[in-house]
Amino acid sequence: MSEEREPREREEEAAAGEPESGPGAEPEAGAEAVAGAGAEETGQAPRGGEGGAVAAAASREPVRLPSEGRTRLKAALWPPRVSRGQLVVALLLFALGLALAIQVRSTNDHSELRGARQEDLVRILDELDDKQQRLQSEKTQLEQSLAQLENSSNQAKEAQEQTRKKAAELGVLAGTEKATGPGIVLTIDDPQGQVKADMLLDTLQELRAAGAEAIQINDVRVVAGTYFTDNSSGGGVRIDGKSVSQPFRFTVVGNPQDLTPALNIPGGVVRSLENHQARATIVQQQKVLVDALATPKPLQYGKPAAK
Amino acid sequence: MIAVLGLVIGVIVGVFVQPEVPNAVVPYLPIAVVAALDAVFGGVRAMLDGIFDDKVFVVSFLSNVVVAALIVFLGDQLGVGSQLSTGVVVVLGIRIFSNAAAIRRHVFRA
């Protein structure tokens, strides 16, 4: 029974296979059919000769055909035959493999863009354009705010710079910063100890009047609160409580052309010092260094009055 | 055997050489590949049936590829490219399945 059914199945299958490939107007199908007919003829001729009975052939067929398929497969695969047909088929399959690999790779590579339709591409392009415009405007905004921030930071830096400068200038005045610039060095040699505090104060006032900006006597910085006292025992003078002995050496930053005549005027500082057997020498310099520092006293009572 | 070797070498070359495909061919390549696959399955089936003829195979292979590409091209010109290529893929897929079924019956007797 099963032997009867199997050939029927095969026939159905063949019948189903024919129309399927038939309407496809495919040369293969037509030739297949022709060749198939030929194969059937050649296949059946020996069978007919063998068994003689059609029924016997039909009963043997289902057993033989699949095994024939296998043997054909093996025969085609194993002893490799080099023929023109094989080479042409190999060439075609080579092209197929190549195209297959290229297609698989490009599909993996370029996501969906590579095989996308035109309208999809247009849509994607539009979206990208929109996105680019949004990003462009965002970039403009960010650049503006960056410029603002840079501006304000520059202003802050400028203000800081000015404040620092101001602080340095005030520090020179207050004696907390070293000062340098053109000026004079006035040296008072007083071998007999005749120079007293009041004479030093006169000298200092004269220098201040002539526009001295920073003054140091020996190693004491002269500031607004500097005071002079005579040493009670022996010679010498105390400046800001520090004992200073001769020769007194004034280092003064200021205009040398103003300072020197101010000291040298008749009846001025130099004259009166010479009257006390002290010798004053003035050296003008393009650059003097006032490097002594005064210790600022914190304000105890006064505070800045609001403007 | 040589044919199988050709396929394997083709895949290897495609993977390692990575040739650049001209842009004009790009949309037709996938359909052409599917059509060629259909021809190959048909060829294997014919071989198992014992009626394989290399001339028929070559002609069917080339015409399958050309016709498939032509259909896609036409569809693109008519503005129904995606639908037509889907249709072509469906038809070729059905044919590949039926051929594969025939091959299966030959090889596994089931």
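How many salt bridges does the rule find across the interface of chain A and chain B? In this predicted model, the number of salt bridges found between chain A and chain B is 0.

The side of chain A that touches chain B draws at least two residues from each of four helices, namely α1 (2-21), α2 (27-51), α3 (54-77) and α4 (84-109). Of these, α4(A) gives the most, with 18 residues. By residue class, this side of chain A divides into 25 nonpolar, 8 polar and 12 charged residues.

In extent, the contact involves 45 residues of chain A and 56 residues of chain B. The area buried between the two chains is about 4,600 Å², and carbon and sulfur atoms give 68% of that area.

For chain B, an unreviewed UniProt entry places the feature "transmembrane region" at residues 27-44, 56-74 and 80-103. Two of these spans can be described in terms of the model. Residues 27-44 of chain B are 89% helix and 0% strand, with the end C-alpha atoms 27 Å apart. Residues 56-74 of chain B are 100% helix and 0% strand, and the end C-alpha atoms of this span lie 26 Å apart.

Notes. Residues numbered from 1 in each chain as written. Chains lettered and ligands numbered in written order. Predicted model: local features only at pLDDT ≥ 70, side-chain atom pairs only at ≥ 80, totals over all residues. Heavy atoms only, no water. Contact = heavy atoms within 4.5 Å. Buried area = accessible area lost by both parts, 1.4 Å probe. Salt bridge = Lys/Arg side-chain N within 4 Å of Asp/Glu carboxyl O. Nonpolar A, V, L, I, M, F, W, Y, C, P; charged D, E, K, R; others polar. UniProt positions renumbered as here; feature names shortened; annotations may be inferred.
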